[in-house]
Amino acid sequence: MAAPALAPGIDQSRVLPLREARTRLTQLVALAELTDTVTVVTRDGDPRPVAAIVPAAAARSMAQATADAERVAAVSAGWARRLDELHRQGARRHAAELRAVTDALAEAWAELDRRVTPGSDPALTRLRGAHADLLRA
């Protein structure tokens, strides 16, 4: 006999057809209240559960668990949106800073080219090679 999903951790359960549950409803409610018994209700002649009579504490805890899960999902979605926005801002800031460094480097090389003939100083040639990836951008 399986306990319904509304009553996790409650191991006392019984299964009754709807006709009998309707006849004994007052007794079943008292049983649930006093002994934490779960009564699974089935259609007459069909063994599949269609409803359950559970203690109020179990139903409340399930409602609270559902509310908690919804709240966690909403908070998580908010943080995910915030992190995505911060990632986009960081990428834009990085691109802007890279452009600024590349522009400053291009200006520095232009000034060096005006002062020193390109290829005449081996140290400058090695340095230009090290900066080649930034100078192409």
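This briefing describes the fold, the sheet and selected residues of a single protein model. The model is predicted, and its pLDDT averages 85 over the protein. The protein comprises 5 helices and 3 strands, which follow one another from the N terminus as β-α-α-β-β-α-α-α. The 3 strands make up an open sheet with mixed pairing, and helix α2 lies across β1, β2 and β3.

**Confidence of the prediction**

- A pLDDT of at least 70 is reached by 90% of the residues.
- Residues 1-10 have a pLDDT below 50, although in the model this stretch has 22 contacts beyond near neighbours in sequence.
- Where pLDDT is low, predicted coordinates should not be read in detail.

**Overall composition and surface**

- The protein has 137 residues, and 15% of them count as buried.
- Among contacts in the protein with a separation of 6 or more, 46% come from residues 24 or more positions apart.

- Strands β1 (13-17) and β3 (49-53) are the edge strands, each of them pairing on one side only.
- From one strand to the next, the twist averages 30 degrees.
- Strands of a sheet pair through backbone hydrogen bonds, in either a parallel or an antiparallel sense.
- Strand β2, formed by residues 38-42, pairs with β3 in the antiparallel sense over 4 bridges.
- Within this part of the sheet, Val41 has Ala51 of β3 as its bridge partner.
- The strands β2 and β3 form a hairpin in which 6 residues lie between them.
- In the turn of the hairpin, Gly45 has a positive phi of about 90 degrees.
- Helix α2 spans residues 25-35 and runs at about 65 degrees to β3.

**Thr39 in strand β2**

- Thr39 is placed in strand β2 and has a relative accessible area of 0%, so this residue is classed as buried.
- Beyond its neighbours within four places in sequence, Thr39 contacts Arg14, Leu16, Leu28, Ala51, Ala52 and Ile53.

**The loop between α2 and β2**

- Asp36 is found in the loop between α2 and β2, and Thr37 lies in the loop between these elements as well.
- The phi of Asp36 is near 60 degrees, a positive value in a residue other than glycine.
- Asp36 has a relative accessible area of 42% and is therefore partly exposed, since that class lies between 20% and 50%.
- Thr37 has a relative accessible area of 7%, which places this residue under the 20% limit, so Thr37 is buried.
- A polar contact of 2.6 Å joins the side chain of Thr37 to the side chain of Thr35.

How values were computed:
Residues are numbered from 1 along each chain as its sequence is written. This is a predicted model: local features need pLDDT of at least 70, side-chain atom pairs count only at pLDDT 80 or more; totals for chains, interfaces and linings use all residues. Side-chain values use heavy atoms; hydrogens and water are left out. Two strands pair if DSSP finds at least two bridges between them. Helices (H or I, at least four residues) and strands (E, at least two) are DSSP runs, numbered from the N terminus. Axes are lines fitted to C-alpha atoms, for helices over the stretch in contact, and angles run from 0 to 180 degrees between N-to-C directions. Contact means heavy atoms within 4.5 Å. Buried means under 20% relative accessible area, exposed over 50%, partly exposed in between (1.4 Å probe, protein chains only). pLDDT is the predictor's confidence in each residue, from 0 to 100. A polar contact is a pair of N or O atoms within 3.5 Å; within protein, one must be able to donate a hydrogen and the other to accept it, and residues adjacent in sequence count only if both atoms are side-chain atoms.
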